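This report describes salt bridges, a surface patch and a pocket. Please consult the sequence and the structure shown below while reading.

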Amino acid sequence: MLDDLNLTIGVQVHLTWSSSAPRTWELLLLSSALALAATPWAALAQGVASRGVRPTPSGEPSGIPFLAQFVDVAREAGLRRPTVYGESDRKDHILETIGGGAAWLDYDGDGWIDLLIMGGTRFSSPSGESSLQLHRNLRDSTFEEVTEASGLHRVGWASSATVGDTDNDDDQDVFVTFWGQNALYRNAGDSTFTDITGERVFEDDTVEAGLGVETRFVGWGAAIADLDNDGLPDLTYVTGSVYPEVEAKLPHYPYRTPNVVFRNLGWGRFEELIEEAGPGIAAAHSSRGAAFGDYDNDGDIDILVVNMNEPPSLLRNDYAGRGGWLQLCLRGAPGWSSRAAIGASAVLRYGDRLQARAVTAQSSFYSVDDSRLHFGLGSAERDDLTVYWPSGDEERIDGLAPGRMYVVEEGKGIVQ
């Protein structure tokens, strides 16, 4: 473990690490420190940037008036409290560089969207002020902070949130990711929230499921997909370290690492497979994005993996079993749902099991999976389908045979 690593590079980088911290963060922190030591200051910019690419000529103005003009009215609207995330003039920890997001939601159900802002605190001088900010829309273009009254006061390092009705009571609940313990806030329906994280609405079954056996790698693109068509979706992710310089000094932290498959054994248990899943899984790369789909239309899931400074890996699934499969291409009805059916979900019932999959516009890390929904079926010979369309309509189709790709159009059923 790290213990006050000092690297003199014009300034000092101090990393103090607890013996109980995950080794992944140890590696990331050490990688960052080593990179600082070896990299010229002029090249230290991180994130998505132009990387010195010369701009192309802008050409002559079109002369067409642009009728949208944006004016920052935050102060006039009452949004004046700073969003704290570490010190304003320096960053001593990677955590302080992340920052937080925001969410629009109608938490009081009055038809006017309110605003939730995620922030942090300071290691050196925490103020005790809530890291979350809930601002109620006063319906006159201004907002009033109601964080304390709503029950959302918490001091910590919040980063993102998602909003949904987790208990189907027609109120918007909020799940917030924090450094440390995430939080689920249930909307009581009276303009207040209750933290129900401790009520174990969600339980961490990582260890019980057998997923805690692998801690060596930095994971990136991932998917839950049935790779062996046995009717039990498996868990797969690609891996790769961050800085290649680290391996020269710490050989037990290689830059290129294998992919990982956790085969679903049923009953909530998984088994790790690397070499057993084929040479494409076991091959070492520093991978990032991963897109899952059936590129050769043979009824099983293949994987495209993006590797750093190498050609991509196209992992063809040479499935040799007899498990059945079924694929769905969903098409929304014009004027009801989007033609691509983004947001639609399909529930397939087969034997004594069911699977649910959704059509999404983005999947995994910087990637997009095959928009056709793939279901492994095992030995099932009859499948009953229910589609929930974004328009709110529900459509049921019974008696589907395995081994086919069906095109289902909203309101018309199977069209191909």
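Across the whole structure, which is a predicted model, a search finds 17 salt bridges. Side chains of opposite charge can pair when their charged atoms come close.

| Salt bridge | N to O distance |
|---|---|
| E145 and R81 | 2.8 Å |
| R216 and E214 | 2.7 Å |
| K412 and E409 | 3.6 Å |

E145 is partly exposed, at 33% relative accessible area, while R81 counts as buried at 19%. Both residues also take part in a network of salt bridges that includes E129.

In the second pair, R216 is exposed at 53% relative accessibility, and E214 is buried at 9%. For the third, K412 is exposed at 58%, and E409 is buried at 9%.

On the surface, Y295, L304 and L314 form a nonpolar patch whose accessible area is about 290 Å² together. Y295 is located in the loop between β15 (287–293) and β16 (302–307) and is partly exposed, with a relative accessible area of 46%.

The second largest pocket holds about 460 Å³ of space. Its lining comprises 20 residues, with L227, A277, G278, I281 and N317 nearest the centre. Eleven of the lining residues are nonpolar, three are polar and six are charged. Helix α5 (279–282) and strand β13 (260–266) each supply at least two lining residues; α5 gives the most, with three.

Note on methods. Residues are numbered from 1 along each chain as its sequence is written. This is a predicted model: local features need pLDDT of at least 70, side-chain atom pairs count only at pLDDT 80 or more; totals for chains, interfaces and linings use all residues. Side-chain values use heavy atoms; hydrogens and water are left out. Patches are made of residues with over 30% relative accessible area and no salt bridge: like charges are joined within 9 Å, nonpolar side chains (Val, Leu, Ile, Met, Phe, Trp, Tyr) within 5 Å. Accessible areas come from the Shrake-Rupley method with a 1.4 Å probe; for residues, only the protein chains shown count as cover. A salt bridge is a side-chain nitrogen of Lys or Arg within 4 Å of a carboxyl oxygen of Asp or Glu. Helices (H or I, at least four residues) and strands (E, at least two) are DSSP runs, numbered from the N terminus. Buried means under 20% relative accessible area, exposed over 50%, partly exposed in between (1.4 Å probe, protein chains only). On a 1 Å grid over the protein atoms alone, a cavity is a set of points where a 1.4 Å probe fits but cannot get out, and a pocket is an open set with protein on both sides within 12 Å along at least five of seven lines; lining residues have an atom within 4 Å of a point. Grid points are joined across faces, edges and corners, and a volume is the space filled by probe spheres set on the points. Ala, Val, Leu, Ile, Met, Phe, Trp, Tyr, Cys and Pro count as nonpolar, Asp, Glu, Lys and Arg as charged, and the others, Gly among them, as polar.
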